[in-house]
Amino acid sequence: MWPPPTAGNHGPPLNKLIAVAIDKDRGSQVALKWAIDNLLARGQTVILIHVKVKPSASQPPSHATSRLNQMSDASNDGSGMIELDPQLKELFLPFRVFCTRKDIQCHDVVLEDVDVVKAIVEYVNRTAIEVLILGAAAKGGLLRRFKVKDIPGNVVKGVPDFCTVYVISKNGKISATRSASRLAPFIHPLRHQFMQQGNAKSNTVEDSLNTPSRGSLSGIPKPVSDLPMSNLQSDTLNMKSPFTHRKGPNGKPYEISQPDTDISFVSSGRPSIDNMFPSFADNYDSGATPPRLSGFSDFEAQNFEPIPLGRRSLDIMPSELSFLSMEGDRASFSSTPDDVAAEMRRLKLELKQTMEMYSTACKEALTAQQKAMELQRWKTEEQRRLEEARFAEEAALALAEKEKAKSRAALEHAEAAQRLAELEAQKRINAEMKALKEAEERNKVLNKLSNSDFRYRRYSIEEIETATDYFAQANKIGEGGYGPVYKCYMDHTPVAVKVLRPDAAHGRQQFQQEVEVLSCIRHPHMVLLLGACPEYGCLVYEFMSNGSLEDRLFQRGKTPPLSWQQRFRIAAEIGAGLLFLHQSKPEPIVHRDLKPANILLDRNFVSKISDVGLARLVPPSVADSVTQYRMTSTAGTFCYIDPEYQQTGMLGIKSDVYSLGIIFLQILTAKSPMGLTHHVERAIEKGTFNEMLDSSVPDWPLDEALNLAKLSLKCSELRRKDRPDLSKVIMPELERLRTLGEENPCQSALYSSGYSTNHSQASVSQASQHE
């Protein structure tokens, strides 16, 4: 048996199947040399794998041809193995000779397939190869013949996880590796075969030991080089070499080169017998101990020390054994051959037992190391899981903290919103209570005024009945939401009497509001209130002979159309009357129901605003340019009412500006107010605004009409803050248009100065129908 390796080397993987993929290239030689130097021990068997590429894919599937090459039967033709063709023999010869020199047995395997990687991977799976060594890919090597770009890399990826793979570069270093993650799933019969061969060789070496010679010490075995050999071996040892005992013709000794340590020293046609069969003693005397892989126990990795063999020890070196003293000679002569043979048998038995113990200890150390590696992997995995769990916990805690922060922020926001809502509710309650108080005070004032008001003339019901011929149908000129309207003469003046209907909703409130507003103001463009009968809710107005603006725009009663000069003047008059209401003191007045039906025309087509029954007196504290006053219910006529006032109930002086814009658009187009702003805006964008103008007026000044239309669209913006100011923006433009109309008088008088109709005053009642 070989002695254990020195401390500087590593032992081979015990009982593992080690294979080297070979070809004709230099990389295969380097890979085998690296395997022998680092993985294999003397007497161990290595599998040499060569893949023969099939010429086409139509041939039968891949098969392997194996040949066991040993020193003892290298020339045995009757071994039963399949003979290789001459090319393959020539391929395997350098590798076998190199293995023979290193005392390594080799098992030749030839695989035939179209895919090199597939053949190697399948053989590794089928044979349970545990260690595979390949040469690195390079130009002009094994991979060029296989026409595969990176066969070692593909093999590393394809082999099973129980196989450790080393890829060796041409400089003898590891260029790539992949370690096995588990043991082989089964034990192939080749492993048992290789183990039996190793044991047989060990037994052969042990049996070759004979009794000690005269020069040996008593009871101490002689080194292998000094043991007796067979006759053939003894003759071989006594044989002289011509290189040392002969000279050439020139008188100089023959030159002999030192043996090469590389594989490529063997020629393909003339193998050397000395290199193929080195003597056992030379191998032993060389003192070279093959390095093995690290990873065994401390017992295996310790320094080269003598192995205890019972009462004797093998720590005597050959030089010491060759030294013979006189006392040794006398001791050897005193011992009988039987005692020496018995001692040798005992020593051999102890050596065998010790080696078995050593092998068992190595196996146990390997198993312990594997378990330690498993435990280390398990520990690493557990640490990784713990780290992941810790990170997950930290992330969860951070997320929880964020959620808590969001929850606290939401609670604070909700509390702030609740406090704000409470404040708003309290303000609303206070405003409503204040409004109720003001309404009560105003009602008291109105009641007091109705009972003793000297600002208008009080008519008795008898006077009104007499003037209207007891409300005769012949004198009735219209009817609205407030009640019927009659034309009559009072104090020799034509008047219009509006009588409260019994079932009129909010009739008394409208009566009081209109009396309060019209009796306190006087303006050329506000309708004149002549008197009232507060007991029966009758209102007496001046008579407007040309009816309402709505009648004239739509030419009801076949009346002639208004000229553009008259329309610009009427627009300016409406703006002036509305501005008067907004600037009234002490409280601004918002009409809330401004529309063409409530604009009346006298016999000279002078316009006057009427029907202020829905008007509201805004408190002075909010009577500025952004006046807003909260109303409990909206009032007005659809299409003319302010959208913002309709949605929020917030009343302001710009609520009338919206209605004014719609009226201006109707003055220009004489069309229905429904969707009028949209149609005009689209026409301006398309450049067809002239088609929107009232076709009954042939001589429109297009530029001025377009400017008025754009101003009207600004007045009818949905948001109150986007509408222009009446006094600063709208009135200057209206005054300019009126001046333009006065400078360009109408060529033909469409209306005579005496034009009047008895039924034109019906607009007074129609104005009330939209309340």
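Predicted model: local features only at pLDDT ≥ 70, side-chain atom pairs only at ≥ 80, totals over all residues.

Student: How many helices and strands does the chain have?

Tutor: There are 25 helices and 21 strands. Both are DSSP runs numbered from the N terminus, with helices being H or I of at least four residues and strands E of at least two.

Student: And what share of the residues is buried?

Tutor: Of the 771 residues in the chain, 43% are buried. Buried means under 20% relative accessible area, exposed is over 50%, and partly exposed is in between (1.4 Å probe, protein chains only).

Student: OK, strands. What's the order in the six-stranded open sheet?

Tutor: The order is β10-β14-β15-β13-β12-β11, with mixed pairing. At the edges sit β10 (457–458) and β11 (476–479), each pairing on one side only. Two strands pair if DSSP finds at least two bridges between them.

Student: How many bridges join β13 to β15?

Tutor: Five, between β13 (residues 493–499) and β15 (residues 538–542), which run antiparallel. Ala 496, for one, has Tyr 541 in β15 as its bridge partner.

Student: Which helix lies across β13, β14 and β15?

Tutor: Helix α16 (residues 507–520), which runs at about 145 degrees to β14 (529–533). Axes are lines fitted to C-alpha atoms, for helices over the stretch in contact (heavy atoms within 4.5 Å). The angles run from 0 to 180 degrees between N-to-C directions.

Student: Switching topic: is β5 buried or exposed?

Tutor: Strand β5 (residues 131–135) is mostly covered, with five of its five residues buried. Val 131, Ile 133 and Gly 135 are on one side, Leu 132 and Leu 134 on the other.

Student: Which strands does β5 pair with?

Tutor: β1 (residues 18–21) pairs with β5 in the parallel sense over three bridges, and β6 (residues 164–168) pairs with β5, also parallel, over five bridges.

Student: Now the largest nonpolar core. Which residues touch the most other members?

Tutor: Leu 549, Leu 668 and Ile 730, out of 64 residues. Helix α18 (residues 564–582) gives the most to this core, 10 residues. A nonpolar core is a set of buried Ala, Val, Leu, Ile, Met, Phe, Trp, Tyr and Cys residues joined through side-chain atoms within 4.5 Å.

Student: What does Leu 549 touch?

Tutor: Leaving out residues up to four places away in sequence, its contacts include Leu 562, Ile 570, Pro 596 and Ile 667.

Student: Where is Arg 738, and what does its side chain join?

Tutor: Arg 738 lies in helix α24 (residues 726–743). A 2.8 Å polar contact joins its side chain to that of Glu 735. A polar contact is a pair of N or O atoms within 3.5 Å; within protein, one must be able to donate a hydrogen and the other to accept it, and residues adjacent in sequence count only if both atoms are side-chain atoms.

Student: Last one: why does Arg 377 count as partly exposed?

Tutor: Because its relative accessibility is 36%. Arg 377 is found in helix α14 (residues 337–451).

Methods
Residues numbered from 1 in each chain as written. Heavy atoms only, no water.
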